Amino acid sequence: MPEKIVIVGSGPAGWTSAIYAARASLEPVVFEGAVTEDNRLQGTMPLGQLALTTEVENYPGFPAGDLSEFLRSALPSEHQWLVDLHQKEGCSGPELMHLMRQQAVNFGTKIVTDDIVEVDFDSHPFKLRSLGGEEVEALSVIIATGARANYLGLESEEKYKNLGVSACAVCDGALPRFRGKPLIVAGGGDSAVEEADYLSKFASTVYLVHRRDELRASKIMAQRAFDNPKIEILWNTTIEEVLGNDTDGVTGVRLKSTVDGTEREQEAAGAFMAIGHTPNTTFLEGKLDMTAKKYLQWTVPFRTNTSVEGVFAAGDVADDYYRQAVTAAGSGCMAALDAERWLGTKGF
Ligand code: NAP
């Protein structure tokens, strides 16, 4: 018997679509990703990118700080008793993801901890094959595989991955090798500032290396970088090489000025890349229409349809513009409703 709906991916889009599909009695199966070294190095482990972040301050309903104080001020007197149920600080990315996962499980979602590596959308029911060799048939599919962090593409960067080069400050920043040492963050967006700010808790100085003379980050985030005495922004600068040796790993970077081409070395124990993302769509090449940047193409305005009828896309895998937890969750809900209605019209 084919599954009514298979969801691939386990970020906010995947879990929200599972919650809605489960509540619609579609008995969803979520392939949440495999726990492998490859996925760890790429940043594509189960629970997605939010599991690699710290505090989530902008997910509605989860204000930062002392949630009990927030509730005390927000709730009418007859509901003040609820405050005692929530006595903790805000919510972190990993917590939010575990809560979403549990919410999906509570409604009967089946979870497979594996990657989908191959799909056949040419015939119906669709066929999907996992890394572990499991084959599953599905009447409808939601792709919610998200996007992963980019690297500069330097040979030296590849060599020192796990030895001081990282694309996730939150995962690796607290390691002893980085404590009290100068660190590099590459990029000028919100992620770069967030990573630099986080790393400043451990580092002696964080050098934020940006190729232009203006940050791309939002005003509030940029101000956070300017206000942090441990962050020094190196404007108009690129990283040409990661320096290091087999014993110590990363020892510094070779920098180049984009203004006059001069080069210099900067000592550092780590180099954190925060230079944007690539959608996780390799296994869908030639199967679904994609944009030039390989994001899945939504084919109907304000709907989550892809180029194959019965296959829907939600979250960052189809969105290189908003890329927020709440927009991913929103489109996950849309995809589940779109799939439910499509299954209904087909009489499944
Ligand atoms: P982003 O906004 O696309 O910024 C990427 C940065 O990396 C840009 O500054 C870009 O430089 C630089 N860059 C790209 N390729 C490079 C290369 N090859 N060499 C050197 N520099 C390179 O990506 P993001 O910072 O990951 O943010 C993605 C989305 O998530 C955004 O919508 C952001 O607002 C959101 N986000 C929000 C928060 C928050 O609100 N707390 C935190 C993280 C992310 P240019 O500026 O020169 O293009």
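Helix α7 (residues 190-199) gives the shell around the ligand its largest share, three residues. Helices here are DSSP runs of H or I with at least four residues, strands are runs of E with at least two, and both are numbered from the N terminus.

Before going on, please note that this is a predicted model, in which local features need pLDDT of at least 70, side-chain atom pairs count only at pLDDT 80 or more, and totals for chains, interfaces and linings use all residues. Residues are numbered from 1 along each chain as its sequence is written, and side-chain values use heavy atoms, with hydrogens and water left out.

**Around the ligand**

The ligand is surrounded by 20 residues, and the closest are Asp190, Ser191, Arg211, Arg212 and Arg216. A residue counts as near if one of its heavy atoms lies within 4 Å of the molecule. Sorted by class, the shell holds five nonpolar, nine polar and six charged residues. In this sorting, Ala, Val, Leu, Ile, Met, Phe, Trp, Tyr, Cys and Pro are nonpolar, Asp, Glu, Lys and Arg are charged, and the others, Gly among them, are polar.

| Residue | Protein atom | Ligand atom | Distance |
|---|---|---|---|
| Gly189 | backbone N or O | oxygen | 3.3 Å |
| Glu194 | side-chain N or O | nitrogen | 3.3 Å |
| Arg212 | side-chain N or O | oxygen | 2.7 Å |

On its own the ligand has 910 Å² of accessible area, and the protein covers 75% of that. These areas come from the Shrake-Rupley method with a 1.4 Å probe.

**Two domains**

The chain is divided into domain 1 (6-149 + 277-345) and domain 2 (155-273), with bounds from an automatic or database domain assignment. Their C-alpha centres, those of domain 1 and domain 2, lie 30 Å apart. Nine residues from domain 1 and nine residues from domain 2 take part in the contact, where contact means heavy atoms within 4.5 Å. Each of the two domains also supplies at least three residues to the shell around the ligand.

**A buried strand residue**

Ile184 sits in strand β9 (residues 183-186). Its relative accessibility is 0%, so Ile184 counts as buried; buried means under 20% relative accessible area, exposed over 50%, and partly exposed in between (1.4 Å probe, protein chains only). Leaving out residues up to four places away in sequence, Ile184 touches several others, including Tyr207, Val209, Ile239 and Phe272.

Glu137 belongs to strand β6 (residues 135-143) and is partly exposed, because its relative accessibility is 34%. Beyond its neighbours within four places in sequence, Glu137 is in contact with Pro2, Glu3, Pro125, Phe126 and Lys127. One of these, Pro125, is found in the loop between β4 (116-120) and β5 (126-130). The peptide bond from His124 to Pro125 is cis, with omega near 0 degrees.

**Positive phi in a loop**

Most residues other than glycine have a negative phi, and most peptide bonds are trans. Lys294, in the loop between β16 (277-279) and β17 (311-313), has a positive phi near 75 degrees. Phe302 lies in the loop between β16 and β17, and its phi is positive too, near 60 degrees. Lys294 is partly exposed at 37% relative accessibility, whereas Phe302 is exposed, with a relative accessible area of 75%.

Key
A polar contact is a pair of N or O atoms within 3.5 Å; within protein, one must be able to donate a hydrogen and the other to accept it, and residues adjacent in sequence count only if both atoms are side-chain atoms.
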